[in-house]
Amino acid sequence: MLDIIENGRWHLVAAGILIALSITALVVSAITSGLPLALDTDATDPQTVQATGIAALVTAITVPVLVWWLFRGAPNVLRWSASTIVVMAYNTLVPFGFYALMGMLAGWQADELFFVAILVVIGLSIQDVIPLLSRISENGSTHRGEPYRTVVNRSVLERFNATLATRLCAILILVALLFSGGLVILPLAATLLVGVICETYSSTFVTALLLTL
Amino acid sequence: MRKSTLWQSIVSVLIIALAVLVVLNIQHPSWVQGLLFWRPQGEREIDWLYGVDLGDTHRITLTPDEEGKPSADQMQATLETVKSRAKSLSKTDPMVQLLDDNTIVVQVPSAHDPNAITSTLQAPGLIEFINAGTEYPTTRTVETTLSKPQPPFPTLEITGTQDTAPTVYETLMTNNDLEYIELRPPSYGYYGAKFRFKPSGGKALIEHNQNHPQEYICVTLDKRILTCALATQFMETDLGGNVEYPVVIEKESAQTTAALFRSGMLPAQLQVDRVEPAGPTPGQETLQKLGTAVIIGLAAALAFLLAHYRLPGLLIVLALLVFALLSLALCKILPLPITLATVAGLGAMGLTALGALLSIVERLRNRTRDGQALSRAVEGSLSTAWPSVRNTHLALGLLAIATWIVGATVAAQTIRWLGVSMATGTLTSLFATMVFSHALIRLIFGSEAIQALLSERTWLLGI
């Protein structure tokens with residue numbers, strides 16, 4: 001059985017580099033234009049920004065609580081809840097950094113669709129983390145006596161095909177949108193594509209590491 | 001066949017048939033419209049509703065009248081009034097923004113007559129009850145003792161002759177004296193409209209009628225007469241002493257009057273600066289490109305599923321088509337406006353459905369590969385996948401409801417519709433993955449002929 005966790009530190013380094021790049025893009029954008037993200041004030045209601053922030057915050061509080069409740073019999077359940085928040089934050093930060101970079105390179109300004117994309121990316125993170133946790137919980141019962149680390153590794157590998165197939169379908173649709181969806185859809189499709197690629201990687205490699213740290 | 005499979009199959013067929021009927025662009029039978037019990041009578045037509053970004057709209061730019069220079073507070077109040085009026089003109093959310101402190105930009109989705117929109121947006125919204133004396137006025141527009149604001153209707157013509165100086169009618173009451181306007185169901189192109197007065201207004205009307213029992217009172221909107229009647233003949237007083245004035249008004253005038261009353265008078269007079277097609281590309285063009293791209297991407301994704309998963313892949317494709325069909329049907333009947341945000345929300349939930357279906361199919365393949373009998377593998381896969389599917393839908397449902405409630409609470413319509421579309425998608429995804437696909441998988445793999453075929457040709461299972 002392939003041991004994903006064994007090579008974990010390299011995945012953590014890769015994830016760390018991506019986060020560092022995202023933060024750098026946001027900081028450089030803040031220094032050059034005064035804001036971490038150039039906002040298209042003509043096409044964005046201030047309420048949209050506010051609502052996105054509140055919805056993300058509510059999700060960041062309620063989903064870990066839900067995780068704790070759903071898997072309350074499992075060992076290390078608090079770590080599971082914490083990992084859910086970390087993965088959601090990671091998956092959200094990277095599209096922010098990407099957009100800040102595109103703002104500097106191509107003059108992209110965050111509009112209402114950007115905030116829609118952020119909430120969708122949060123949804124996609126949940127969509128990948130919860131089935132993985134369910135699989136770990138299931139395997140914990142069916143493979144009693146197996147070390148926790150092995151159960152996590154087994155679960156990640158068993159989910160790998162389904163995760164990859166789902167995300168490949170998403171990527172095919174988003175690439176089609178990117179190339180034939182027109183200018184209006186381009187930033188939305190690009191942000192979602194970055195989000196999907198990022199969370200495909202994180203759900204397989206980063207989550208497994210966080211769960212076994 | 002298991003009893004539950006039979007019921008799941010019957011329910012699936014009925015719901016899918018109803019969804020097909022709803023999605024088709026046909027004249028829907030009255031019984032289908034009758035199912036939309038939450039909508040008022042007369043508003044149960046089943047049609048697509050497009051939002052600002054995907055519908056063909058005009059961008060209308062309004063600025064204050066050159067004569068008046070409104071303060072910042074007045075401009076803010078004017079913006080709120082314009083927002084309320086734009087909302088009354090559209091079945092879905094309009095876009096109204098204040099730019100540069102004195103420019104209001106309005107986009108009303110699915111409204112094809114920009115002149116009609118600008119007339120309503122600019123209208124001062126002044127409702128007056130005037131004393132017309134003993135003779136019925138001969139003109140449709142009148143002058144009153146309240147000289148301003150001037151009527152903004154460019155298409156109105158005075159129908160009476162005006163050889164002499166026009167009569168200036170005494171204004172008895174205005175919007176400020178009204179409590180509400182209630183519209184009654186339309187009949188023969190007319191609405192019954194009931195004006196209810198505040199206590200002070202009601203008292204003034206009673207006093208006037210006592211002194212002028214045989215004189216007409218006319219109701220005007222921005223100096224245009226809507227209706228006239230002898231006040232003593234029509235005035236009503238309810239048991240609580242509240243004064244009401246029920247009249248009959250042309251349907252469109254009644255709707256406009258009620259909408260303008262609800263939105264309030266315009267604090268600053270506005271003029272139309274520009275009317276132009278909205279957006280870098282018109283909404284219909286974006287919709288067309290979006291449709292083409294989705295079809296290309298979806299075709300590639302479905303081809304991959306069929307090629308990689310074979311027969312189970314076909315079941316996944318069918319379940320996804322059911323998900324799409326039900327989501328579209330719900331968009332039409334709720335109605336849920338088609339915007340890029342709602343498309344993104346439904347797309348995300350489509351991926352949830354796909355993830356759930358793949359989790360069933362992957363388990364089925366693994367169990368079959370491990371040598372389990374097909375019927376046992378099917379039941380084992382369906383039952384072990386259920387907790388994962390349930391938990392995922394529960395968590396995403398939570399996100400959808402949080403987004404919906406927060407969007408509605410802070411009046412961020414884009415976020416609110418995203419939440420609604422995700423909640424809708426959660427329900428349709430649950431149906432497609434837990435009801436339809438369960439019935440289909442058990443029907444297909446429960447068949448002895450299929451089992452015999454698959455035992456010889458395991459490649460059909462994608463193994």
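A:Glu6 and A:Arg149 are joined by a salt bridge in which the closest N and O atoms are 3.4 Å apart; the term stands for a side-chain nitrogen of Lys or Arg within 4 Å of a carboxyl oxygen of Asp or Glu. The pair links distant parts of the chain, 143 residues apart: A:Glu6 belongs to the segment before α1 (8–33) of chain A, and A:Arg149 to helix α5 (residues 148–180) of chain A. Helices (H or I, at least four residues) and strands (E, at least two) are DSSP runs, numbered from the N terminus. A:Glu6 is exposed, with a relative accessible area of 51%, whereas A:Arg149 counts as partly exposed at 37%. Here buried means under 20% relative accessible area, exposed over 50%, and partly exposed in between (1.4 Å probe, protein chains only).

The model is predicted, so local features need pLDDT of at least 70 and side-chain atom pairs count only at pLDDT 80 or more, while totals for chains, interfaces and linings use all residues. Residues are numbered from 1 along each chain as its sequence is written, chains are lettered from A and ligands numbered from 1 in the order in which they are written, and side-chain values use heavy atoms, with hydrogens and water left out.

Over all chains, a search of the whole structure finds 16 salt bridges. In chain A, a network of salt bridges links A:Asp128, A:Arg159, A:Arg167 and A:Glu199.

In chain B, B:Glu276 forms a salt bridge with B:Arg59 (3.9 Å, N to O). B:Glu276 lies in strand β13 (residues 270–277) of chain B and B:Arg59 in strand β1 (residues 58–64) of chain B, so this pair ties together parts that are 217 residues apart in sequence. B:Glu276 also meets the side chain of B:Arg274 in a salt bridge (3.7 Å, N to O). B:Glu276 is partly exposed, at 25% relative accessibility. B:Arg59 is partly exposed with a relative accessible area of 25%, and B:Arg274 is partly exposed with 42%.

Chain B as a whole has twelve helices and 13 strands. Of its 463 residues, 51% count as buried. Among contacts in chain B (heavy atoms within 4.5 Å) between residues at least 6 apart in sequence, 73% join residues at least 24 apart. The accessible surface of chain B is about 21,700 Å², and carbon and sulfur atoms hold 58% of that area. Such areas come from the Shrake-Rupley method with a 1.4 Å probe; for residues, only the protein chains shown count as cover.

The interface between the two chains involves 50 residues from chain B and 51 residues from chain A. About 4,200 Å² is buried between them, 74% of it given by carbon and sulfur atoms; buried area is the accessible area (1.4 Å probe) that two parts lose on being put together, summed over both. One salt bridge is found across this interface. A:Glu138 and B:Arg363 meet in a salt bridge through their side chains (2.9 Å, N to O).

On the side of chain B that touches chain A, the elements giving two or more residues are β2 (95–99), α8 (283–333), α9 (340–369), α10 (374–409) and α11 (413–446) of chain B. The largest share, 14 residues, comes from α10(B). By residue type, this side divides into 32 nonpolar, 14 polar and four charged residues. Ala, Val, Leu, Ile, Met, Phe, Trp, Tyr, Cys and Pro count as nonpolar, Asp, Glu, Lys and Arg as charged, and the others, Gly among them, as polar.
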